[in-house]
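Please open the model in a viewer and keep the selection panel at hand.

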Amino acid sequence: MPENVLEVTGLRRSFGAVRAVDEVSFTLPQGGSLGIVGESGSGKTTTARIVVGLERADEGEILVRGRPRGGPPRGRTARLARAREIQMVFQDPYLSLDPRTSVEAVLRETLGLHFPGRDHTPRVRELLDQVGLGTRAADALPRHLSGGQRQRVAIARALAVEPAVLILDEAVAALDVSVQAQILNLLADIREQTGIGFLFITHDLGVVRCVTDEIVVMRHGAVVEQGATDEVLSSPRHPYTRLLLESVPRPGWDPQAIAAARRAL
Amino acid sequence: MRPTPALDVRGLRVTLPGTARPVLDGVDLTVGAGETVALVGESGSGKSIASRSALRLLPTGGVAEGEVRVAGEDVLTMDAARLRQVRAGTVAMVFQDPCAAVNPLRRIGDFLTEGVTLAGTMSPARAAARAVELLGAVGLDGSVLRKYPGQVSGGMLQRVVIAAALMGDPVLLMADEPTTALDVTSQAEVIAVLATLRERFGTGLLFVTHDLDLAAAISDRVYVMYAGRIAESGPAEALFARPRHPYTAALLASTPRMEGPRGRLAAIDGQPPDLREPLRGCAFAARCPLATEVCDERAPLPSPAPGRPDHTAACHHSDLLEGSAVDA
């Protein structure tokens, strides 16, 4: 049985009177893929931000490879070690890349920070290969790349530190359908090759169905349903999961009925 | 005789300085009175430029040739005064982000009525009454009038923007990705509102989107654009069940959806053609599995499917595709 790379238990976080995250628990096995779905305000992004360390939890425990993730790190070594556990790729790669740094320099900087005193040239080449970027893209600045290429750079940078877990927060939401398919396939390849655990934060049930093994459905900060992706999507138990599924447009779709069901729930 | 279409675009060609090919290249597009038409394409396909031409909103430095008739009148040649009237009432537009469409410091009531009162088409009192009526039609009550945009949800605000678009009794309502910024359940609500309004007011609706499934679910007819040209057009059902253009077929195959096999998607290799490179043949040839020599040499013209004149595709090899799609 594969080891769990990520175990989250009883996570809670309130902002004033609002319970943004309420008793959220899940586990992610090595090489596994878990999707957290929900609408705006469901707490899915706050959960991801707590796991990666951008937000603090009021209560709860996070274990990475069986070791507690703990509070804010003390000192540079601890901070770097913590960063190597979990990496995150965001929706808009344009905002997460330095506009003045070339692709190769981005990767060298990350590698130099985490693995000092080595020659990084072969690893840079390997990373570029892994995400399907050619040598021409290596010298380019972010503004000269397409959205899909930029997202490849963001993924390469995350992979550079060999994390246990990669969090993808709506990472394909801003891409065109044909590019989105390329990136989703790329992520599937990387998961096979590396055994990194993927945590997908998304509102898109089609994407979740395509790339995850397990799913957590969140609403108003709480988990309403969780389980194997194909099971939850083919026979949802919670009315909210059913509403989400029915809301996905398809031929013969009845928006009036969905609107009525939404008001009733 | 058929009624005058809400929008009739003929041979529209838009060129921009500094590009090697036109951003729109011979676009023909019709939205009948009371018809819902979807215009589908990826970034850079020209779908937004094509739709905005109905308001003569061209990109900076853009030069347009061809005809863009709104309710029979060509907006490309009309004088400024008439154009202002068209923009104030005949054609209305709903954009992706409702928050960007409203002034956050003014009440929703002012936002709804200012267009028609400033254009002088309605007295303030009539405009207020009409605003309440339209808010009712989009499922909101009059109490919203006193609120500020920040006090309502994104879905509600998009419905406010739709109500505002209908204030001037438009012949044509254009919606450019109106639900992309919304959650799926509020998307359903906004689409439900648009569908009801079309039945009630007989407005032609041009729905610009990148979402094929959404286009299939709501529209009578669909146009698929690629690199400034119409690749395929036809009744929504036929186009999705039996696509006649390899680009449409590839787009359908690369969409992650709720039916069909899970796992790896059939991605389209490569990228759309660069605006800086001239195009000789078919724009999709470089990425097309069916492409042959003729595709690089001659741009294909739209041609109808056998026995189905309203389903056209601009592809030299449509007939090959038809067979395989039926088998699959």
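Predicted model: local features only at pLDDT ≥ 70, side-chain atom pairs only at ≥ 80, totals over all residues.

Residues are numbered from 1 along each chain as its sequence is written, and chains are lettered from A and ligands numbered from 1 in the order in which they are written.

**Chain A as a whole.** Select chain A, whose secondary structure comprises twelve helices and ten strands; helices (H or I, at least four residues) and strands (E, at least two) are DSSP runs, numbered from the N terminus. The C-alpha trace spans about 60 × 45 × 40 Å along its principal axes. Of the 265 residues in chain A, 45% are buried, that is, with 20 or more other C-beta atoms, placed from the backbone, within 10 Å of their own.

**The two domains of chain A.** Next select residues 4-234, which form domain 1, and then residues 236-265, which form domain 2; such bounds come from an automatic or database domain assignment. Their C-alpha centres lie 29 Å apart. Each domain gives eight residues to the contact between them, where two residues are in contact if their C-beta atoms, placed from the backbone, lie within 7 Å. On the side of domain 1, at least two residues each are supplied by α9 (205-211), β9 (214-219), β10 (222-228) and α10 (229-234) of chain A.

**Where the chains meet.** Show both chains: 31 residues from chain B and 30 residues from chain A take part in the contact. On the chain B side, select α7 (184-201), α8 (212-218) and α10 (246-254), the elements that give two or more residues. Which of them provides the largest share of that side? The answer is α7(B), with eight residues.

**A strand in chain B.** Finally, select strand β10 (residues 229-235) of chain B. Six of its seven residues are buried, so this strand is largely enclosed by the rest of the structure. Strand β9 (residues 221-226) of chain B runs antiparallel to β10(B), joined by six bridges; two strands pair if DSSP finds at least two bridges between them. Within this pairing, M225(B) stands opposite I230(B). The two strands form a hairpin with two residues between them, and A227(B) in the turn has a positive phi of about 50 degrees. Strand β12 (residues 308-313) of chain B is also antiparallel to β10(B), through two bridges, and here E232(B) stands opposite A313(B).

Terms used
Buried ≥ 20, exposed ≤ 12 C-beta atoms within 10 Å, placed from the backbone.
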